[in-house]
Amino acid sequence: MRHALAYPAALGLALAATPSLADWGGVAVNADGIGWGYSAGWNSRADARDRAMHYCREYSETDAGCTEAVTTRYCAAIVRGRVNSAPTFFVVEARNRDAAETGALTDCREVAGASCELRRKFCADDL
């Protein structure tokens, strides 16, 4: 099962298995296509989201504003490519790091071609 969202990012979803109740991670991206943040190892969805938003704001180069891309108990990958010359994020949540990376790169390459680069892949239980 895959879902696509457009902010300047796309989100794919392929989930199974049940994670620990204490393992949450999150990704936030900035509309500028440059700033992003992620978090892992949090005890609640809200904590994971808030920490990802904090890092996104801290590392963004403009005031365009950060948006939650995903809050997960699984794994995620963040890929950035250029769509019509604009930096664009692709975030995919999946059961493991490799599936998340493959999904994010596939989604990116469908619209951004060879400009796609992996920024980070992680799982919610990473510490």
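Colleague: Hi! Where is Asp-23 found?

Modeller: In this predicted model, Asp-23 sits in the loop between strand S1 (9–14) and S2.

Colleague: Is Asp-23 buried or exposed, and what is the nearest side chain of opposite charge?

Modeller: Asp-23 is buried, yet has no salt bridge. The nearest side chain of opposite charge is Arg-73, 7.6 Å away.

Colleague: And which residues does Asp-23 touch?

Modeller: Leaving out residues up to four places away in sequence, Asp-23 touches Trp-42, Thr-72, Arg-73, Ala-124 and Asp-125.

Colleague: Thanks! Let's switch to the whole chain. How many helices and strands are there?

Modeller: The chain has 2 helices and 7 strands. Along the sequence they follow the pattern β-β-β-α-β-β-β-α-β.

Colleague: How much of the chain counts as buried?

Modeller: Of its 127 residues, 45% count as buried. The chain exposes about 6500 Å², with carbon and sulfur atoms supplying 49% of that.

Colleague: Now helix H1, please. Which of its residues are buried?

Modeller: Those are Ala-48, Ala-52, Met-53 and Cys-56. They lie on the same side of H1, because they cover an arc of only 130° around the axis.

Colleague: Why would residues three or four places apart point the same way?

Modeller: An α-helix has 3.6 residues a turn, so residues with that spacing point the same way.

Colleague: What covers the buried residues of H1?

Modeller: The cover includes strand S2 (24–30), strand S3 (36–42) and strand S4 (66–72).

Colleague: Last one: how many residues does H1 have?

Modeller: H1 spans residues 45–59, which is 15 residues. From first C-alpha to last, H1 reaches 21 Å, close to the 21 Å expected at 1.5 Å a residue.

Conventions. Residues are numbered from 1 along each chain as its sequence is written. This is a predicted model: local features need pLDDT of at least 70, side-chain atom pairs count only at pLDDT 80 or more; totals for chains, interfaces and linings use all residues. Side-chain values use heavy atoms; hydrogens and water are left out. Helices (H or I, at least four residues) and strands (E, at least two) are DSSP runs, numbered from the N terminus. The expected span of a helix is 1.5 Å times one less than its number of residues. Buried means under 20% relative accessible area, exposed over 50%, partly exposed in between (1.4 Å probe, protein chains only). The arc is that of the directions from the helix axis to the C-beta atoms. Contact means heavy atoms within 4.5 Å. Accessible areas come from the Shrake-Rupley method with a 1.4 Å probe; for residues, only the protein chains shown count as cover. Lys and Arg count as positive and Asp and Glu as negative; His and the chain ends are not counted. A salt bridge is a side-chain nitrogen of Lys or Arg within 4 Å of a carboxyl oxygen of Asp or Glu.
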